[in-house]
Structures are given as C-alpha cells and as structure tokens.
Amino acid sequence: QLVESGGGLVQAGGSLRLSCEASGRTDDHYTMGWFRQAPGRDREYVASSGWSAAFTDYADSVRGRFTLSRYITNHTMYLQMNNLKPEDTAVYYCAAGQGGYGHIATTYDSWGRGTQVTVSS
C-alpha cells in the first residue's frame, strides 16, 4: 500500500514536499517513482529511483526544481518541489514496482491514490 501526503495550494515560485509511505510487501518495491496527472491530460512521469537510492531520474520539465529522496529502511519517499509553476498543477501519484524503466508507467504495479498540488499564478 502506498499513501501520499503533502499536497496543497501554493503560489508560483513556492515550494511543497510530498511524502509517500509504503507498507506491506515493500521488498518488492525495487523501483519507486512519482507521476502526475492534470485535468484532461494523460498521466505524466515526474521522477523515479531504483533500489540504490543514489540513482534518481527526472523528467526534463522538473529537473533542477524537484528532488526525489528515498529512505529504504523506513519505506518512505519524498519529492521536494521548488520554484513551482502553474503548469505543475496536478494530482501527484506515488508508484512502486519490481524493476524496469522508471519513466514507464507499466513498470509499476502499486499506486497510491494521489495528492492534489495546485499552483496559483
């Protein structure tokens, strides 16, 4: 089970930190990632991490502004989002999978319910 938190309303240029807490079969969570979905748009890749938390990958649209951190021992993952823009407005989802390419949604077999992030201009 994956549970996201930390979403909210923020002005452009502001920051938020999203959290994802994992429970259950966490040994299967080799790859973990963040995706987002804005109204009327497809789900979009944001960032991911392999089992070695030192490896992270980002979508071009967020690289340099967002930072993913993952703590294997307590089964948590965070997404620090800085310099937020109105186009970052979306529901953000945490996902976990047993391996594969982190930027591809089919890599993941567990998804959270999402947390809303709204950035006002």
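**Reading the chain**

Tutor: M77 counts as buried, at 0% relative accessibility. Buried means under 20% relative accessible area, exposed over 50%, and partly exposed in between (1.4 Å probe, protein chains only). This is a predicted model: local features need pLDDT of at least 70, side-chain atom pairs count only at pLDDT 80 or more, and totals for chains, interfaces and linings use all residues. Residues are numbered from 1 along each chain as its sequence is written, and side-chain values use heavy atoms, with hydrogens and water left out.

Student: Which strand holds M77, and which residues is M77 in contact with?

Tutor: Strands (E, at least two residues) and helices (H or I, at least four) are DSSP runs, numbered from the N terminus. M77 belongs to strand β8. Contact means heavy atoms within 4.5 Å. Leaving aside neighbours within four places in sequence, M77 is in contact with L18, S19, C20, M32, G33, W34, L68, S69, R70 and C94. The C-alpha atoms of M77 and C20 are separated by 5.1 Å, although these residues are 57 apart along the chain.

Student: How many helices and strands are there in the chain?

Tutor: The chain has zero helices and eleven strands. Of its contacts with a separation of 6 or more, 55% are between residues 24 or more positions apart.

Student: How does one judge the overall form, and what is the radius of gyration of the chain?

Tutor: The radius of gyration is taken over C-alpha atoms, and the globule rule is 2.2 Å times the number of residues to the power 0.38. For 121 residues, a compact globule would have a value near 14 Å; the chain has 13 Å, which agrees. The C-alpha trace spans about 40 × 25 × 25 Å along its principal axes. Of the 121 residues, 43% count as buried.

Student: What is a nonpolar core, and which residues of the largest one touch the most other members?

Tutor: In soluble globular proteins, nonpolar side chains tend to be buried together. A nonpolar core is a set of buried Ala, Val, Leu, Ile, Met, Phe, Trp, Tyr and Cys residues joined through side-chain atoms within 4.5 Å. In the largest core here, which has 30 residues, W34, V46, F66, L79, M81 and Y92 touch the most other members. Strands β3 (16-22), β4 (31-37), β5 (44-49), β7 (66-71), β8 (76-81), β9 (90-97) and β11 (115-120) each supply at least two residues of this core. The most come from β9, with five residues. Beyond four places in sequence, the contacts of Y92 include L18, F35, V46, F66, L79, M81 and V117.

Student: Is T31 buried or exposed?

Tutor: T31, in strand β4, is buried, with a relative accessible area of 4%. Among the residues that T31 touches are S49, R70, A95, G97 and Y108. By contrast, S5 in strand β1 (residues 2-5) is partly exposed, with a relative accessible area of 35%. Excluding residues up to four places away in sequence, S5 touches R17, L18, S19 and T115.

Student: What should I look for in the backbone angles, and what is phi of H75?

Tutor: Most residues other than glycine have a negative phi. Phi of H75 is near 55°, a positive value; H75 is found in the loop between β7 and β8 and is partly exposed at 31% relative accessibility. N83, also not a glycine, has a positive phi of about 50°. N83 lies in the loop between β8 and β9 and is partly exposed, with a relative accessible area of 42%.
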